[in-house]
Amino acid sequence: MPDCLSSELPFRLAGGLSTGAVYAMIALGYTLVYGVLQLINFAHSEVFMLGTLGAFLTVGALVPDGGVTSQTQGAMILLAAAVPAVILGGLAAVALERVAYRPLRRRGAPRLAYLISAIGASLFLSNSVRIWRGPNFETLPRTVRSRIVLDLGDTFFTGILPESMQRVRIQNRDILVFVVAMLAMVAVDQFINRSRIGRGIRAVAQDAETAGLMGVNINKVITVTFLIGGLLAGAAGLLFAWSFGVTRFQIGFLPGIKAFTAAVLGGIGNIRGALLGGLLLGVFENVAAGCFGVQWRDVVAFLILVLVLFFRPTGLLGDKEAT
Amino acid sequence: MSDYLLEASKVTKVFGGLTAVREVDLTIRAGEIRGLIGPNGAGKTTFFNCITGVYKPDGGQVRLEGSRLNGLKPHRITKAGVARTFQQIRLFAEMTSLENVQVGMDAKHRAGAISAIFNLPRHRRENEEGSVEGLRFLRFVGIERYANEPSRNLSYGDQRRLEIARALGTRPKLLLLDEPAAGMNPREKEGLMDLIRKIRDSGVTVLLIEHDMKVVMGVCERVAVLDHGEKIAEGAPEELQRDPRVIEAYLGRGAAEDAAGA
Amino acid sequence: MNSGNGTNNNRSRRLAVNAAVALLALFLLIIPNFVSLAAREILVLIATFALLALGLNIVVGFAGLLDLGYIAFYATGAYTWGILSGAGPIRLPFTGTEFWGEWGFWIILLVVLGINMCIGVMLGSPTLRLRGDYLAIVTLGFGEIVRIVANNLDNVTGAALGISRIPHPKIPFIGYDFGLNPLPYYYLLLLLLALGITVIRRLDHSRIGRAWIAIREDEVAAGAMGVSTFKMKLLAFAIGATTAGVAGVVFASKSNFVSPASFDVFASFLVLCAVVLGGMGSIPGSLAGAVVIVGVPSFLQLRFPQLDEYRYWMFGIILVSMMIFRPQGLIPSKRREAELMLEGDPDIPSEATT
């Protein structure tokens with residue numbers, strides 16, 4: 001039994017769940033828009049990127065020249081950065097819908113046109129940032145140091161745990177990211193299922209024409225759908241910035257594709273599927289990186305994407321529809 | 001080897017909890033004009049779709065001159081000799097009338113990519129034939145003058161005719177017409193009935209779904225009646241007119257009893 | 001309404017078009033003699049790209065299949081030449097110029113034609129059964145997988161460093177070595193383009209071309225009329241793959257060098273951009289698109305190097321604007337123009353219908 005699957009597994013699990021939670025948040029944006037518009041919102045990855053940018057700019061502005069003086073101050077700054085990140089994400093998503101998609105809807109354009117427009121919007125957004133900030137990676141100034149909160153070698157249960165598991169250490173950051181993401185997802189899930197607008201979203205997702213005839217304001221529903229996805233992607237941007245400490249104009253591309261893979265894996269259009277898909281993908285990726293080497297990490301996502309689309313295009317939680 | 005052209009036995013199609021077609025038998029001899037009628041939702045188009053491969057029957061068999069059709073892909077069934085028109089017109093809107101028919105004729109052509117790329121004789125011959133014969137089909141249905149017109153510009157009635165011409169282009173043994181008279185005025189319907197007879201006389205067997213009783217009575221020799229997915233009656237049109245089961249299916253029990261009493 | 005009484009007009013119009021094409025061809029043939037070396041290099045770039053756009057146009061424009069990983073076929077062509085010519089790290093009996101001899105480049109060009117066709121069929125068979133959006137994403141996934149694999153296989157593809165010192169083409173009897181001179185490549189590409197255009201036009205005016213249009217218009221009706229929809233899609237896909245492979249071989253031999261960096265998803269987007277901008281389904285359109293997408297920025301870059309930053313940014317704006325205002329492209333194919341303007345997708349809630 002190779003190390004990556006035995007002794008390292010819990011450690012990889014923890015990291016995977018944390019990254020996976022971030023993927024899940026982004027995936028939700030894809031899945032919601034697909035449910036309502038039957039569209040792959042290619043430019044969603046740039047919404048996420050803008051979220052990271054918002055976080056970076058805020059932190060950069062708030063961190064004093066000498067660096068952060070205390071953990072509390074650092075935590076406050078991070079919290080403060082959440083606001084612009086989330087708002088920027090939401091705004092970007094809504095603007096995207098208005099500029100790149102609505103005119104096409106007005107014309108009744110074929111599906112291909114939306115996809116191409118999405119690609120164009122993605123290029124525009126990412127390169128706008130590139131022109132502004134340059135092509136290089138930017139690192140986040142240190143805000144809150146992450147520390148190890150759970151060391152399985154040092155607990156009450158140490159005696160009964162197997163040797164390999166005693167070496168597992170989990171960082172508080174991973175736990176926090178996971179928890180925050182889960183809370184956000186649950187909130188959205190409740191919103192979609194309980195609120196009036198949420199009902200509208202579900203109605204349009206099922207049958208737009210009838211929903212319109214029943215008095216649902218389709219434009220408003222679509223705007224709200226993009227907004228929710230954008231807010232979540234912005235928040236995911238903040239969590240990502242905190243977890244990995246870097247950003248770049250093209251930072252959205254890979255997480256975007258992976259999040260989309262997650263959405264497909266879970267069942268495109270299915271909210272809980274996005275959650276499940278994200279977590280699963282994060283874990284698979286992390287374990288694969290451990291087993292085969294970091295350079296193969298990204299292939300995992302693409303392989304899963306391809307395999308799912310071939311063998312079970314409706315995903316894990318989707319219903320088997322006739323194509 | 002059966003002497004029926006088409007033999008559908010116990011064809012069944014289920015969608016989720018709904019049995020759209022339940023064990024329907026239908027046999028058609030070459031040279032007939034058969035009708036398939038029934039109230040809306042009776043399963044007529046579904047039955048058509050089972051024959052033409054759009055749906056795979058969940059039970060039963062469909063045979064054309066003894067060879068099995070069920071389970072084949074639609075294009076194979078067309079190549080085997082069964083062509084159809086659609087309830088809602090499905091022409092290739094941007095192609096001209098002639099091009100639409102040529103697509104149909106391509107079903108029986110064999111020139112492939114290599115033949116086309118190197119302009120081999122077979123390709124030239126089939127292309128040539130396509131234009132000439134295609135015009136003939138258009139003339140047959142009466143819309144030759146619109147040969148180079150994009151099909152979306154044709155009038156509704158002419159579009160229906162074009163759909164028929166296109167289906168005929170595949171050189172079928174059996175032609176399935178799905179509500180060909182829908183939306184036509186009485187004069188157009190007369191023309192349609194003449195056309196159907198002409199089609200049969202040219203050697204193509206016809207099976208049509210129709211709601212307009214005048215058309216059914218006018219051209220069909222034998223008619224089958226479907227209701228709620230089952231075949232409830234079959235016979236000559238005049239007989240069925242008086243059949244209480246048929247009346248009940250269309251108009252309800254009360255009407256059937258009235259008819260029986262009258 | 002009918003073309004009956006317009007034959008004279010048609011004839012003179014066709015004469016005019018033929019004359020224009022002939023003039024253009026002449027222009028293309030002699031232009032390199034009047035421009036600088038840098039400009040000639042750009043011409044080669046444009047011609048390569050035009051070949052790519054021509055191929056993708058068949059897939060996207062004719063058959064209506066959105067392929068977002070097209071560049072992978074370009075990569076397989078380039079790498080095949082690199083490996084078979086012996087410049088790569090792998091050592092097999094059939095790698096190396098000694099095996100292939102003086103005609104090596106030309107033979108391998110044909111070999112790549114075959115290999116890429118097979119790869120196109122292999123990739124297309126499972127993929128083309130998928131619906132539009134899914135097809136796009138799967139092709140994107142495949143494209144990335146190819147790139148990542150090429151990036152990591154040290155022993156075959158040279159990983160991130162790629163394969164260098166790839167030999168140039170030679171013409172044996174007269175002993176001519178293409179070398180680094182852009183001119184012969186340019187003329188070779190023009191020849192390949194001419195061949196490609198001929199092949200595609202012949203297909204367009206055949207039952208296959210009609211089948212593609214029928215599939216685009218109404219796939220179900222096409223099937224009902226006997227069109228083997230899957231086979232036709234596969235054919236388009238395979239032809240596109242072959243064209244890209246040929247372009248890849250020429251590119252690899254010109255630049256002596258191939259690495260995964262040239263084959264990322266943005267390169268696929270660039271080709272797609274050219275096809276869309278020029279006019280999907282239109283042969284002159286895709287060529288024009290290639291000229292605009294590659295030629296204009298390249299020439300601008302000669303004069304204004306600082307503008308290079310804005311290239312993809314402009315593409316983004318162009319793509320969105322084109323889709324909103326002129327989806328049929330610069331030189332539209334008349335058919336596609338009507339399709340793109342009139343048709344809508346019933347699944348997407350549009351303000352036109354609700």
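**Figure 1. Strand pairing in chain B of the predicted model, around B:Leu6**. B:Leu6 stands opposite B:Ile28, a residue of β2(B). Strand β1 of chain B covers residues 6–15. Its link to β2(B) consists of 7 bridges. The two strands run antiparallel. In general, the strands of a sheet pair through backbone hydrogen bonds.

**Figure 2. The open sheet of chain B**. The sheet has 4 strands. Their order is β2-β1-β4-β5, and the pairing is antiparallel. Which strands stand at the edges? They are β2 (18–28) and β5 (67–68) of chain B. Each has a single partner strand, so one side of each is left without a neighbour in the sheet.

**Figure 3. Two domains of chain B**. Domain 1 is made of two stretches, 1–81 and 172–262. Domain 2 spans 94–171. Taken over C-alpha atoms, the centres of domain 1 and domain 2 of chain B are 27 Å apart. Where the domains touch, 10 residues of domain 1 are in contact with 10 residues of domain 2. On the domain 1 side, α2 (74–80) and α7 (186–201) of chain B are the elements that give two or more residues. That side has 6 nonpolar, 2 polar and 2 charged residues.

**Figure 4. Helices α3 and α5 of chain C**. Helix α3(C) runs over residues 71–84, and helix α5(C) over residues 104–127. Their axes come within 10 Å and cross at roughly 135°. The two helices are therefore oblique to each other. Their crossing is right-handed. From α3(C), the contact is made by C:Phe73, C:Thr76, C:Gly77, C:Thr80, C:Trp81 and C:Leu84. From α5(C), it is made by C:Ile108, C:Val112, C:Ile115, C:Asn116, C:Ile119 and C:Gly120. By class, the residues of this contact are 7 nonpolar, 5 polar and no charged.

**Figure 5. Helices α1 and α9 of chain A**. Helix α1(A) covers residues 9–37, and helix α9(A) covers residues 253–266. They pack at an angle of about 70°, with their axes 8 Å apart. Why do we call them roughly perpendicular? Angles of 65 to 115 degrees count as roughly perpendicular, and α1(A) and α9(A) are therefore described that way. Residues of α1(A) in the contact include A:Tyr23, A:Ala27 and A:Tyr30. Among those they meet in α9(A) are A:Pro255, A:Lys258 and A:Phe260. The contact of α1(A) with α9(A) has 10 nonpolar, 2 polar and 1 charged residues.

**Figure 6. Where chain A touches chain C**. How many residues does each chain bring to the contact? Chain A gives 45 residues and chain C gives 42 residues. On the side of chain A, α3 (71–107), α4 (111–133), α7 (208–213) and α11 (297–311) each supply at least two residues. Helix α4(A) gives the most, with 14 residues. This side of chain A has 30 nonpolar, 9 polar and 6 charged residues.

**Figure 7. Where chain C touches chain B**. Here 27 residues of chain C are in contact with 31 residues of chain B. On the side of chain C, the elements giving two or more residues are α8 (182–204), α9 (207–217), α10 (219–224) and α15 (334–342). The largest share, 7 residues, comes from α9(C). By class, the side of chain C that touches chain B has 14 nonpolar, 6 polar and 7 charged residues.

Methods:
Residues are numbered from 1 along each chain as its sequence is written. Chains are lettered from A and ligands numbered from 1 in the order in which they are written. This is a predicted model: local features need pLDDT of at least 70, side-chain atom pairs count only at pLDDT 80 or more; totals for chains, interfaces and linings use all residues. Axes are lines fitted to C-alpha atoms, for helices over the stretch in contact, and angles run from 0 to 180 degrees between N-to-C directions. Angles under 35 degrees count as roughly parallel, over 145 as roughly antiparallel, 65 to 115 as roughly perpendicular and the rest as oblique. A crossing is left-handed if the near helix is turned anticlockwise from the far one by less than a right angle, and right-handed if clockwise. Two residues are in contact if their C-beta atoms, placed from the backbone, lie within 7 Å. Ala, Val, Leu, Ile, Met, Phe, Trp, Tyr, Cys and Pro count as nonpolar, Asp, Glu, Lys and Arg as charged, and the others, Gly among them, as polar. Two strands pair if DSSP finds at least two bridges between them. Domain bounds come from an automatic or database domain assignment.
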